[in-house]
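Visitor: I am new to this structure and would like a close look at one part of it. Could you start with how its strands are arranged, and then show me what lies around them?

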Amino acid sequence: MSRDVITAHFDTELAQAWRLLRQHKIKSLPVVDRFERVIGIVTVADFLRQMDHQATPKDLATRIQVLLKRTQGLFAQKPEVVGQIMSADVFTATPQTPLSELIRQISQRALPHVPVVDEQRKVVGMVTQSDLLVALYKGIALGQASQAAKL
């Protein structure tokens, strides 16, 4: 798992969250409360869901810019902060979650990433599909090396 996890807060402006995603070349940000406990997750897919489904790829850049631009005045007709587009129903794991359970949950739920939290639901890491593939590969390689050593 990755330990240096970039997070957002409920009130993080969309433009700031988008910058974090692009700057760190990541696809998700766990959303935390003021006590740093996970309350949701915001992903690139959450941003794209805000776009008109009939938007062409050519229109996408313009529509993202409109979404990210802060609305002047008191009322907005579009989301302005992460809490308005995040997924509140986020599956989390703990450092003790067995690898087999992580694989099962990721495959059943089609999750590209899972926040890892401690007893207080504070983020301590993030597991991605790539992390699981590396762990499986290492397990297979160790198993093969062990078998070869017995011969």
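Guide: Let's begin with an open sheet of three strands, whose order is 1-2-3 and whose pairing is mixed. Strand 1 and strand 3 are at the edges with a single partner strand each, so one side of each has no neighbour in the sheet. Strands, runs of E in DSSP with at least two residues, and helices, runs of H or I with at least four, are numbered from the N terminus; two strands count as paired if DSSP finds at least two bridges between them. This is a predicted model, in which local features need pLDDT of at least 70 and side-chain atom pairs count only at pLDDT 80 or more, while totals for chains, interfaces and linings use all residues. Residues are numbered from 1 along each chain as its sequence is written, and side-chain values use heavy atoms, leaving out hydrogens and water.

Strand 2 and strand 3 run antiparallel and are joined by five bridges. Pro 30 has Ile 41 of strand 3 standing opposite. In general, strands of a sheet pair through backbone hydrogen bonds, either parallel or antiparallel.

Now follow the chain from strand 2 (28–32) to strand 3 (38–43): the loop between them holds Glu 36. Although Glu 36 is not a glycine, its phi is positive, at about 70°. Glu 36 is partly exposed because its relative accessibility is 35%; buried means under 20% relative accessible area, exposed over 50%, and partly exposed in between, with a 1.4 Å probe and protein chains only. Arg 121 sits in the loop between strand 4 (113–117) and strand 5 (123–128), and is partly exposed at a relative accessible area of 34%.

Go back to strand 2 for Ser 28. Ser 28 is buried, as its relative accessible area is 6%. Its side chain meets that of His 113 in a polar contact of 3.4 Å. Such a contact is a pair of N or O atoms within 3.5 Å; within protein, one must be able to donate a hydrogen and the other to accept it, and residues adjacent in sequence count only if both atoms are side-chain atoms.

Next come the charged pairs. The structure holds six salt bridges, each a side-chain nitrogen of Lys or Arg within 4 Å of a carboxyl oxygen of Asp or Glu. Side chains of opposite charge can pair when their charged atoms come close. One of the salt bridges joins Arg 70 and Glu 13, with 3.5 Å between the closest N and O atoms. Arg 70 is in the loop between helix 3 (57–68) and helix 4 (99–109), and Glu 13 in the loop between strand 1 (8–9) and helix 1 (14–23), so this pair ties together parts that are 57 residues apart in sequence. Both ends are partly exposed: Arg 70 has a relative accessible area of 40%, and Glu 13 has 37% relative accessibility.

Lys 78 and Glu 80 form another salt bridge, 3.1 Å from N to O. Here Lys 78 is partly exposed at 21% relative accessibility, whereas Glu 80 is buried at 10%. Glu 13, Arg 70, Lys 78 and Glu 80 are linked in a salt-bridge network.

Helix 2 (residues 44–49) holds a pair too: Arg 49 and Asp 46 are three residues apart there, which means about one helical turn separates them. Their side chains meet in a salt bridge of 2.4 Å, N to O. Asp 46 counts as buried, with 2% relative accessibility.
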